[in-house]
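Please look through the model below before reading the points.

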Amino acid sequence: MPAPHRVVVAVFPDVDLLDVTGPAEVFAVANREMAGGTPYQVLLAGPDGGQVRTSAGVRLATDLSFDQVGERVDTLVVPGAVDGRGMPVIDPALVGWIGETARHAGRVASVCVGAHLLAAAGLLSGRTATTHWATADRLAAEHPDVTVDPDPIYVRSGNVWTGAGITACMDLALALVAEDHGERLALAVARQLVMYLKRPGGQSQFSVPLWLAPGERRDIDELRAWITANLAADLSAAALAERMCLSERHFARVFRKETGVTPAAYVEAARVEAARRLLEGTDEPLDQVAAACGLGSVETLHRAFRRRLGTTPAAYRRRFRTAA
């Protein structure tokens, strides 16, 4: 039987707890869902072994010290930590160990501000990478040899993966599972974790459902969910007002008060996001993408992308199909 896929997660004082436990849980569920194949062995490695106190105050028991890790590392996961000002913590000794371990690792993946540690170790030079949106400008300023894209949830560049902030660690781990064992297993894991089944790497860190916080009116929140599920329907202000049993003028006023945007702007944003997902994850021609998302024509799709993303659908697909 093949040896387990060895995942080594670096842990150190004040590391973000979810950066560690999120990917570990994804790999653990993958093991349960796997029918045959090579399971994952997740090991926590710390500076001296023993316990490590995380940023949440929870202590993690390490399996190995950094010196005990050895050369068999199939996947090295590097979480992040921030100081009291929200700035990435960069420990020179940790950076040195990461650089040395990465030399013989099959692949390296950073989580959230862990990208700053990879950059400090020279692992992102000449690559495209992402990190938490709040520290992306700092990463770009400190490492001009790195092309920093603050928008995607994760980016792959060769055998180096970088993930965005907080819960994106689980999306990144799902992508690693998909690379190892295929989409079917990754989707099965997502279902067990009650996660969005596939949030492509190129998708913005701010999706339409999260972009606007829930309002005070439940009926408007329910309408927003209905819009997302029925993008090809008639979503004009008049049609939506009729669905809400309100006059068009009153509906427009209520919707803007609850969301901060007009119904038309919200609908277009939702349709563009759906188009992005199709461009990232399928090879469907642009006319089919436009139709599926309710944008109607390729011309309308182009105009919406230019207005909201400053690029064309074709250019977006080339970029993010490669990155993801």
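Is the crossing of α5 and α6 right-handed or left-handed?

1. The crossing of α5 and α6 is right-handed. A crossing has this hand if the near helix is turned clockwise from the far one by less than a right angle, and is left-handed if anticlockwise. Helices here are DSSP runs (H or I, at least four residues), strands are runs of E of at least two, and both are numbered from the N terminus.

2. This is a predicted model, in which local features need pLDDT of at least 70 and side-chain atom pairs count only at pLDDT 80 or more, while totals for chains, interfaces and linings use all residues. Residues are numbered from 1 along each chain as its sequence is written, and side-chain values use heavy atoms, with hydrogens and water left out.

3. Helix α5 covers residues 168–181 and helix α6 residues 183–192; they pack at an angle of about 145 degrees, with axes 7 Å apart. Axes are lines fitted to C-alpha atoms, for helices over the stretch in contact, and angles run from 0 to 180 degrees between N-to-C directions. On the α5 side the contact (heavy atoms within 4.5 Å) is made by Leu174, Val177, Ala178 and His181, and on the α6 side by Glu183, Leu185, Ala186, Val189 and Ala190. Seven of these residues are nonpolar, one is polar and one is charged.

4. From its first C-alpha to its last, α5 reaches 20 Å with 14 residues, close to the 20 Å expected at 1.5 Å a residue. The expected span is 1.5 Å times one less than the number of residues.

5. Eleven of the 14 residues of α5 are buried, so the helix is mostly covered, where buried means under 20% relative accessible area, exposed over 50% and partly exposed in between (1.4 Å probe, protein chains only). Among the buried residues of α5 are Cys169, Met170 and Asp171.

6. In α6, the buried residues include Leu185, Ala188 and Val189. What covers the buried residues of α6 includes α1 (17–33) and α5.

7. Glycine 182 follows α5 and has a positive phi, near 95 degrees. Just after α6, valine 194 takes a positive phi of about 55 degrees.

8. Two cysteines also deserve a look. Cysteine 112, though not a glycine, has a positive phi of about 55 degrees; it sits in the loop between β7 (105–110) and α3 (114–120). Cysteine 112 counts as buried because its relative accessibility is 3%. Cysteine 245 has a positive phi of about 60 degrees and lies in the loop between α9 (237–243) and α10 (248–259). Cysteine 245 counts as exposed, at 72% relative accessibility.

Conventions. Nonpolar A, V, L, I, M, F, W, Y, C, P; charged D, E, K, R; others polar.
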